[in-house]
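Please consider the structure shown below alongside its sequence. This report describes selected features of its strands and helices.

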Amino acid sequence: MMRSSLRRVAHRARAAYEINASAIRACHSDRSDEMVMTSQRRLGVIHDPALNRGTAFSTDERERLLLRGLVPPRQQPLHHQVKRVMETYMTQRTNLDKFQFLSLLMDRNTVLFYRCLVDHFEQLAPIVYTPVVGEACLKFHAIYRRTRGMYFSLLDRPHFRTMVYNWPIDDVDVIVVTDGSRVLSLGDLGCNSMNIPIGKLSLYVSAAGISPSRTLPIVLDVGTDNLQLRENPLYLGLNRPRLRGKAYYDLLDEWMSAIRHRWPNTLIQFEDFASEAAEKLLDRYRVSSAPCFNDDIQSTGSIAIAALLSSLRAREKSMRDIKDDRIVCVGAGSAGVGVCEGLVQAMQYYGMAKQDAYRNFYLLDENGLLGRGRPLIGNRVNFSRDDLQDGMSLVDVVKAVKPTILLGLSGVGGLFTEDVVREMAKHVEKPVIFPMSNPSVSSECTPEQAFNWTDGRAVVATGSPFENVTLKDGSIGYTNQANNVYSFPGLGLAVTVARISCVTDEMFLAAGRHVAQLSSDEEVRKGILFPPVTQLRDVSAEIAAAVVFVARAAGLVRRRLPDMAWESHDSMVQYMKSQMWEPKYGHLVAK
């Protein structure tokens, strides 16, 4: 009897050991080789999102960091944690609930958040960023939980040089900054705009492997002209009208000087600045400062180049035929003009004179076609028409021009009406229709409308995610999201790895041209213009490789890379992949 009992005890012990050993092996497969030194102990480890592993702390970590009894006893691998998160995520009722759930996860466990985002990017990216981030910005003052990033306000101006040292990280690779003056198509949201740089940087990390500890989201609070926000007692920003004019640019100079003093090599991305400031700030800092760019102008232009070059393949044309396209663009703000300037550069690359390229464009703003009859500022002057009446309506421009491409960057939903689209479709076998405004409610038309009004012949790309459309004959009308995430993360990876000293338009052109070549001929003929977002890390490595070769040719690479990396584009792609941060738990070592 005793022997039988001993056998049962031994059997249970072996089973428990095998279960635990299996769990440990699984946990080790989810671990990186990174060694993370920490002086934190007990709850200090658990409450630090960069250190927290939840149920994945190893036996050694639990012992040395004094965690015994503070976490459940069973050690679990990272992929089991992801499964638990996603099951709970699916129970959230609204998109805003899902956004807040993921935000709390980011605040709790950095690695687990990014593992979920990388593994389920297609599902989670629209929640973390556009379109749901727009709703989160509108309600930021009501759902605020904890600080993530930095705020530089007008009241802090004398202290910018010392404030930067309040951020605890000495090495910051990428900063995304906004002044909240034009958030998506939602207008002036002031301090509520913090979710924009937070969301954008999460894409740098998930899509290009920039280390999350080396990113910094920033809001410049110079007031807001949104009276409804200012009158709300829960609003967290300054209760004053927005600073403008010389005082505004002087403040930006002081901020930039403070940032460059602490982090001289960091890449700065300007995000969601109003049109009147966006171009001036880009021109002000792009050469005199360390690397910076404007996402709305340059990244959007880059991905529009990719979409249009890919659409030429879909129309069974050569990329050189871009110079023959007639392009009507609705929206003459920073994004619209930036996209069109990028396309002009693409036409130049394929052999067209610059002034001739401008003649292929017809830009409209809220007052109609840009003509010679009105005063224009900045690059808008380049697109002014002298052969058509100033202020012509969209439908009249389409009738007169017979465009091959219709771009929407207006931020106004529904501008591509049935009359406009059907008129365009009369004259083009495969009309290219790109309603690119964000969020989805601001899209100039839906993909379903574009396909229905062109009898399924359209090539469609949107700014926000939409479902594919089942056409009348049962075939699929493919909806492509012309998402900047195909462009800026890869560029950021190149700048970070190679310490590129200046971001140029040629780099964005190279990125756009390369993205356009990543889809197979078979996919493109079906109307699929971009690789799937599930391959974004591969895409980012490809873009980084293309950008770094352009940078080297211009003498802008400041870090010595291994000779083997320069042997070919493919070898550089592999090197860029080797430099990506992976969302895996490193080994916590007690100091």
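## Strand E3 and its burial

The model is a predicted one. Strand E3 covers residues 174-178, and five of its five residues are buried, so this strand is largely enclosed by the rest of the structure.

Strand E4 (residues 215-221) pairs with E3 in the parallel sense, over five bridges. Within this pairing, leucine 216 of E4 is the bridge partner of isoleucine 175. Between E3 and E4 the chain passes through helix H11 (residues 195-208), and this β-α-β crossover is right-handed.

E3 is also joined to strand E5 (residues 267-270) by four bridges, and these two strands run parallel. Here the bridge partner of valine 176 is glutamine 269 in E5.

## Packing of helices H5 and H6

Helix H5 (residues 95-108) packs against helix H6 (residues 110-119) at an angle of about 135°, and their axes are 6 Å apart. The two helices are therefore oblique to each other.

On the H5 side, the contact involves Leu102, Leu105, Met106 and Arg108; these meet Thr110, Leu112, Phe113, Tyr114 and Cys116 in H6. By class, the residues of this contact comprise seven nonpolar, one polar and one charged.

Technical notes:
Residues are numbered from 1 along each chain as its sequence is written. This is a predicted model: local features need pLDDT of at least 70, side-chain atom pairs count only at pLDDT 80 or more; totals for chains, interfaces and linings use all residues. Side-chain values use heavy atoms; hydrogens and water are left out. Buried means under 20% relative accessible area, exposed over 50%, partly exposed in between (1.4 Å probe, protein chains only). Two strands pair if DSSP finds at least two bridges between them. A crossover is right-handed if, with the strands pointing away from the viewer, the path from the first strand over the helix to the second runs clockwise. Axes are lines fitted to C-alpha atoms, for helices over the stretch in contact, and angles run from 0 to 180 degrees between N-to-C directions. Angles under 35 degrees count as roughly parallel, over 145 as roughly antiparallel, 65 to 115 as roughly perpendicular and the rest as oblique. Contact means heavy atoms within 4.5 Å. Ala, Val, Leu, Ile, Met, Phe, Trp, Tyr, Cys and Pro count as nonpolar, Asp, Glu, Lys and Arg as charged, and the others, Gly among them, as polar.
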